[in-house]
Amino acid sequence: MTIRRAILALATPILAILASALPALAQGPNDILPEAPAKALVVRACTACHQAPQVVAKRRAPEDWDAMLGKMLDRGAQLTEAEQDQVYEYLVKYFGAEGAPVGAEAPKGR
Ligand code: HEC
């Protein structure tokens, strides 16, 4: 009985904090990544140690993305070889050296 109370007393504020965090999750940092099949791979393999905006903060030439991917795989990014290709294509396509600065057309207030 008293243990139950203690659990309730602890759980209530935790639930309140979780609930207040939900709206923030709905508009998450991964929104910066364009929708494409490989997006899920990037989210899974590349947002464990840092968030998506850090990953794509800079546009890079194909060889630089290649080198960066190699570095991140060394660090422990989990991707099969086929997935590495997909992630590479994705990054080069959407965050290659050419084009508008990343986030140029992003909505305000982010
Ligand atoms: C095991 C942790 C880990 C994973 C997984 C990971 N990274 Fe990183 N990443 C880091 C660390 C630590 C840094 C900062 C140090 C550095 O720049 O080397 C970083 C930095 C970066 C940077 C910024 C480098 C700069 O100097 O501008 C990019 C871009 C990046 N990571 C891309 C990726 C991509 C793409 C993936 C997925 C394939 C990925 N990371 C997965 C650990 C990780």
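Predicted model: local features only at pLDDT ≥ 70, side-chain atom pairs only at ≥ 80, totals over all residues.
A residue counts as buried here if 20 or more other C-beta atoms lie within 10 Å of its own, as exposed if 12 or fewer do, and as partly exposed in between, with C-beta atoms placed from the backbone.

View 1. Numbering starts from 1 along each chain as its sequence is written. Going along the sequence you get α-α-α-α-α, that is, five helices and zero strands (DSSP runs numbered from the N terminus: H or I, at least four residues, for helices; E, at least two, for strands).

**View 2. The shell around the ligand.** There are 16 residues around the ligand, and Cys-46, Cys-49, Met-72, Gly-76 and Ala-77 are the closest (a residue is near if its C-beta atom, placed from the backbone, lies within 6 Å). Helices H2 (39–46), H3 (52–55) and H4 (62–75) each give two or more residues to this shell. H4 gives the most, five.

**View 3. One face of H2.** Look for Leu-41, Val-42, Ala-45 and Cys-46, which are buried in H2. They line one face of the helix, because down the axis of H2 the buried residues fall within an arc of 100° (taken from the directions from the helix axis to the C-beta atoms). Among what covers them are H3, H4 and helix H5 (81–95).

Terms used
Contact = placed C-beta atoms within 7 Å.
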